[in-house]
Structures are given as C-alpha cells and as structure tokens.
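Me: I would like to learn how to read a protein model. Could you take me through this one, feature by feature?

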Amino acid sequence: MLLILCGKSGSGKDTVLKKFVKHGFIPLVSHTTRPKRENEIDGKDYHFVSYYDFMRSFDSFIEVRKYNRPQGESWFYGLKKQKLNKYANYITISDIWGASQLTKYFGKDNCFVVYLDVDDETRKKRVEKRDSFDENEWNTRLKCDSDDFTEETMKGIINYSVKNNSTISDCVLKIILEILHRVQIGVD
C-alpha cells in the first residue's frame with residue numbers, strides 16, 4: 001500500500017511521515033529544485049537537484065509540481081517512476097494533483113490518500129518556527145493552498161480527512177485506525 005499525505009503548508013505532513021517511517025513504512029523520496037533547509041538530508045528528505053538535472057530527467061517523473069515563489073523564481077518537485085513491492089507499505093507527500101497522478105500510476109486500490117486538516121492559525125505558528133520563515137512566502141503559500149485545496153479539487157481523490165491540530169501521535173493513530181477499519185470492511 002502507498003499512503004499519500006496531502007495538506008496545506010504547515011499541516012504537519014513531514015512530521016506525520018517521519019512517524020510512519022518509524023512504524024516501518026518506506027518513504028518514497030521526491031526530487032526538488034528548491035534549496036535544502038537546515039537539518040534536511042539529501043536523499044532522505046528530498047533528492048535536491050539543479051533545475052537543469054530536474055528538467056533533463058523530466059520524462060522519468062510520475063508527477064511534477066511547480067511552486068512559484070513571490071521573488072519570481074520557481075521550484076519544482078517530482079516523484080520518479082518506480083515499482084513497489086506489493087507486500088510492503090510505502091508513504092509519500094504530495095499535493096492534490098500529484099495524489100491523483102500517483103493513484104493513476106500505482107492504482108487506486110493500492111493507494112490511500114489522507115488530507116491533514118489544520119486551521120490557518122495553527123499552521124502559521126508551525127511555519128513561524130522554521131528558520132526560513134518569510135511573511136511574503138507565507139502569504140504566497142496561503143494563496144496557493146486556497147487555490148489547490150478546494151472541495152472540488154479534493155473530491156474523488158481524498159480517502160480520509162483527519163484533523164491535525166493536536167498531537168502528531170493522535171493524528172497517526174487516527175490514520176492507522178481508519179486504514180485498519182477500511183481493510184476490515186473492504187472499503188477503499
């Protein structure tokens with residue numbers, strides 16, 4: 001199974017992913033052209049590549065996302081095509097469009113898409129803790145998030161929506177219980 005985490009900026013996707021990895025899920029690591037943040041590890045958090053290298057291997061990606069920064073530059077993200085072991089559990093982070101492409105590529109029955117729902121105030125507090133916080137960047141992300149995560153765009157893609165305003169452990173437990181419940185009753 002591939003667990004796909006979706007959510008707005010600051011919704012806790014990276015933190016939830018790390019908890020699932022501790023529980024044996026194998027992370028699918030995306031490529032990006034954005035600069036590495038402090039404490040990020042190349043090959044673990046992302047494969048950090050140049051714009052040239054990203055574009056040179058463009059056809060090898062399942063999905064590609066472009067993020068336009070307020071300063072005028074763009075960052076690209078993408079997950080490369082690969083085969084998954086049907087007996088293993090995987091996890092990745094994506095936006096809504098990417099999740100739709102991943103479910104097409106790997107098969108809807110092999111994917112479980114979770115939306116991490118967090119109020120804007122909590123999200124901003126989380127993002128402000130990052131060393132790289134910038135108010136203009138935050139405002140751009142708010143606009144992108146409101147455009148990307150609408151009821152219309154999420155319809156038919158999201159399998160489960162979970163509030164992630166409290167503890168990460170509580171959020172992870174809710175996701176695990178929902179997956180087990182769906183497996184038990186045979187719902188995708």
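Reply: We will go through sheets, helices, rings, a loop residue and pockets in turn. This is a predicted model, in which local features need pLDDT of at least 70 and side-chain atom pairs count only at pLDDT 80 or more, while totals for chains, interfaces and linings use all residues. Residues are numbered from 1 along each chain as its sequence is written, and side-chain values use heavy atoms, with hydrogens and water left out.

Me: In what order do the strands of the sheet with 5 strands stand?
Reply: Strands (E, at least two residues) and helices (H or I, at least four) are DSSP runs numbered from the N terminus, and two strands pair if DSSP finds at least two bridges between them. Here the order is E2-E7-E1-E8-E9, in an open sheet with parallel pairing. Strand E2 (26-27) and strand E9 (160-163) are at the edges with a single partner strand each, so one side of each has no neighbour in the sheet.

Me: How many bridges join E1 to E8?
Reply: Strand E1 (residues 2-7) runs parallel to E8, and 6 bridges join them. To find the place on screen, look for Gly7, which is opposite Leu116 in E8.

Me: Which strands does H1 lie across?
Reply: For a contact, look for heavy atoms within 4.5 Å. For directions, axes are lines fitted to C-alpha atoms, for helices over the stretch in contact, and angles between N-to-C directions run from 0 to 180 degrees. H1 lies across E1, E2, E7 and E8, at about 170° to E7. H3 lies across E1, E7 and E8, and runs at about 165° to E1.

Me: What is the strand order in the sheet of 4 strands?
Reply: That open sheet reads E4-E3-E6-E5, and its pairing is mixed. Strand E4 (47-48) and E5 are its edges; each has a single partner strand, so one side of each is left without a neighbour in the sheet. Strand E3 (residues 31-32) pairs with E4 in the parallel sense over 2 bridges, and His31 has His47 in E4 as its bridge partner. H3 packs on this sheet too, touching E5 and E6, with its direction at about 175° to that of E5. H5 also touches E5 and E6, but its direction makes about 130° with that of E5.

Me: How many aromatic pairs are there?
Reply: A pair of aromatic rings is described by the distance of the centres and the angle of the planes. Rings of Phe, Tyr and Trp (its six-membered ring) pair if their centres lie within 6.5 Å; planes under 30 degrees apart are stacked, over 60 edge-to-face, and the rest tilted. The whole structure has 9 such pairs. One of them joins Tyr51 and Phe76: the centres are 5.7 Å apart and the planes at 50°, so the pair is tilted. Tyr51 belongs to helix H2 (residues 51-56) and Phe76 to strand E6 (residues 74-80), so the pair ties together parts 25 residues apart in sequence.

Me: Where is Pro35 found?
Reply: Pro35 is in the loop between E3 and E4. Leaving aside neighbours within four places in sequence, Pro35 contacts Glu40, Phe48 and Trp75.

Me: Which residues lie nearest the centre of the largest pocket?
Reply: On a 1 Å grid over the protein atoms alone, a pocket is an open set of points where a 1.4 Å probe fits, with protein on both sides within 12 Å along at least five of seven lines; lining residues have an atom within 4 Å of a point. Of the 48 residues lining the largest pocket, Lys13, Asp14, Arg37, Tyr46 and Arg130 lie nearest its centre. H1 gives the largest share of this lining, 6 residues.
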